[in-house]
Number of protein chains: 2
Amino acid sequence: MKLFNKVAIVGVGLIGGSIALAVKKRGIANEVIGVSRRQKTLLLAKKIRAINRGSNDLNIIKEADLVILAAAVSTILELAPQISRIIKKDCVVTDVGSTKKEIVSKLESIFANYVGSHPLAGSEKKGVVNAQADLFKDSLCILTPTKNTNKVVLRKIKKFWEQMGAKVTFLTPPLHDKALSYVSHLPHVVAFSLSSTVPKKYLRFGSSSLRDTTRIAASDARLWCDVFLSNQNMIKAIESFQKNLSNIKSAINRKDKRLLSKILEGAREKRVILNKNDRSG
Amino acid sequence: MKLFNKVAIVGVGLIGGSIALAVKKRGIANEVIGVSRRQKTLLLAKKIRAINRGSNDLNIIKEADLVILAAAVSTILELAPQISRIIKKDCVVTDVGSTKKEIVSKLESIFANYVGSHPLAGSEKKGVVNAQADLFKDSLCILTPTKNTNKVVLRKIKKFWEQMGAKVTFLTPPLHDKALSYVSHLPHVVAFSLSSTVPKKYLRFGSSSLRDTTRIAASDARLWCDVFLSNQNMIKAIESFQKNLSNIKSAINRKDKRLLSKILEGAREKRVILNKNDRSG
């Protein structure tokens, strides 16, 4: 038996489209319904067989057994009340927003059967045109249950992501936002700042070091605007980075080779741990 | 006829070893001689047929027609006087140091037939064990001639890098250091700072965004220490980055979505140019 009969995805972009493709490929539901403001997106999603049917009218999701909110954080928050009036009473709801504290607190007050998800997969590319059925394979998916979370709902969503090929782990919403502020949101702030800093005329001398450090600065600006504004840990993470950068700058300024070596070596050793933890995601 | 009879490479690491492999593969010289402090490096370089013979004694380079200094910036500066007393009068000399102003000014006062090189290729990996014969294929190599540079030497070194598969361009040493401070050295400072900032306990939540932004923080700390200390533009580049980071931070702090969007969108547009310039290097 399939885990769900009808799955509705609100927001058919890179993540929503990839979820749709994966649900189809892995036979997790009988029908995938897509909601997007843009007709072009829906046509493309149908063409690549990511969705069975789609609409820009939310009423299309009324028979869904699982609704996945895959839009920008502010759009998720904006649409939630309307969605709650459309869906069936026993419909399970999750979202894939990159911050969880604000979203979970609002969504669990609106939906009876909700738990927050954050699949740690994605790329700087956007749109259903870049969707991939294997985006979540071997990736980590964080679920953020609270004391209000229905255990049956949690079990179902855990199973859902596992069937998508992800490894599931749990964090409280505040801890999720704290961890992600360092491992994902700060790297994005830094990449955007770095891209802003490099004078255009020197771009032609950029090689793999510049390309890799700034790859995610090609990400959707609107999406990341929402993430930065909805993560209360951002300022703290940025300030911690600023302090470390200042230390390197001051060691360079004072030509303190010993201190500079020590800082760089510490950073290098930590980075090497990340290679050892390597997952494909 | 081969471009050179005997090529000597001082420092058989990732870059020196890759040059050696490329010279052999492309038949640019009849013999490749390696100099390294470490016997293990020389044995490995011989085993992978990067060099014909090697020694930890600089006297081995006395018959070379081309000497390539491929060590850390401070080592290049330290060994140059000794090398000048060993080599033949008409021996051509170049180096592959990542900064050029300090090196070129000292080396052109020491060597009669010198021009500085900076092949924009490499990786966070170190050692001859990671050397690749095609490292320079389709990459950019910057030469930094000055008014003192012998035109015949310049033409030979240009041809040398072209035979290695690189595209050659010219910059004055100060302009080289300015451009590189933004497109390479600053990204390294930023990557080291980012790696320093992420708490170890959260590394397990790191996905491709953290991995890519910090990849080069796994680079050789000693090498980069030298680069940062020998580029007089570093502080200015870091300060320019600090200003852009502060702007993003302050937009987040004031929840100024319009300004934040504008900054991120500008950074995104500039990063997209880099994709269009894509070379494999």
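**Figure 1. Leu21(B) within helix α1 of chain B.** In this predicted model, Leu21(B) lies in helix α1 of chain B. Leu21(B) counts as buried because 22 C-beta neighbours fall inside 10 Å, and 20 or more such atoms are required for that class. Leaving aside residues up to four places away in sequence, Leu21(B) touches Ala50(B), Ala131(B), Gln132(B) and Ala133(B). The view also includes Lys126(B), which is 105 residues from Leu21(B) in sequence and 15 Å from Leu21(B) in space, C-alpha to C-alpha.

**Figure 2. Helix α1 of chain B and its surroundings.** Helix α1(B) comprises residues 14-26, 13 residues in total. From its first C-alpha to its last, α1(B) reaches 18 Å, close to the 18 Å expected at 1.5 Å a residue. Of its 13 residues, 10 are buried, so α1(B) is largely enclosed by the rest of the structure. The buried residues are Leu14(B), Ile15(B), Gly16(B), Gly17(B), Ser18(B), Ile19(B), Ala20(B), Leu21(B), Ala22(B) and Val23(B). After the helix comes Gly27(B), with a positive phi near 60°.

Figure 3. Helix α9(A) has 20 residues, 234-253, and spans 28 Å between its first and last C-alpha atoms, close to the 28 Å expected at 1.5 Å a residue. Its buried residues are Met234(A), Ala237(A), Ile238(A), Phe241(A), Asn244(A), Leu245(A), Ile248(A), Ala251(A) and Ile252(A). Seen down the axis of α9(A), these residues fall within an arc of 150°, so they line one face of the helix. An α-helix has 3.6 residues a turn, so residues three or four places apart point the same way. On the other side of α9(A), Glu239(A), Lys243(A) and Asn253(A) are exposed.

**Figure 4. Packing partners of helix α9 of chain A.** Which helices do the buried residues of α9(A) pack against? Within chain A, the partners are α6 (173-197), α8 (221-230) and α10 (257-276). From chain B, helices α6, α8 and α9 also pack against these buried residues. Following α9(A) is Lys255(A), which has a positive phi near 50°.

**Figure 5. Contact between chain A and chain B.** Each side is counted by residue: 78 residues come from chain B and 78 residues from chain A. On the side of chain B that touches chain A, at least two residues each come from α6 (173-197), α7 (208-214), α8 (221-230), α9 (234-253) and α10 (257-276) of chain B. The most is given by α6(B), with 17 residues. By class, this side of chain B divides into 42 nonpolar, 23 polar and 13 charged residues.

**Figure 6. Contact between the two assigned domains of chain A.** The domain assignment of chain A gives domain 1 as 4-171 and domain 2 as 175-276. Taken over C-alpha atoms, the centres of domain 1 and domain 2 of chain A are separated by 30 Å. In the contact, 14 residues of domain 1 of chain A meet 18 residues of domain 2 of chain A. The elements giving two or more residues to the domain 1 side are α3 (73-86) and α4 (101-110) of chain A. That side of domain 1 has 4 nonpolar, 5 polar and 5 charged residues.

**Figure 7. Two non-glycine residues with positive phi.** Most residues other than glycine have a negative phi. Although not a glycine, Asp138(A) has a positive phi of about 65°. Asp138(A) is placed in the loop between β6 (117-119) and β7 (140-143) of chain A. Asp138(A) counts as exposed, with 12 C-beta neighbours inside 10 Å. Lys255(B), likewise not a glycine, has a positive phi of about 50°. Lys255(B) is found in the loop between α9 and α10 of chain B. With 11 other C-beta atoms within 10 Å, Lys255(B) is exposed.

Technical notes
Residues numbered from 1 in each chain as written. Chains lettered and ligands numbered in written order. Predicted model: local features only at pLDDT ≥ 70, side-chain atom pairs only at ≥ 80, totals over all residues. Domains from an automatic or database assignment. Contact = placed C-beta atoms within 7 Å. Helix = DSSP H or I, 4+ residues; strand = E, 2+ residues; numbered from the N terminus. Nonpolar A, V, L, I, M, F, W, Y, C, P; charged D, E, K, R; others polar. Expected span 1.5 Å × (residues − 1). Arc of directions from axis to C-beta.
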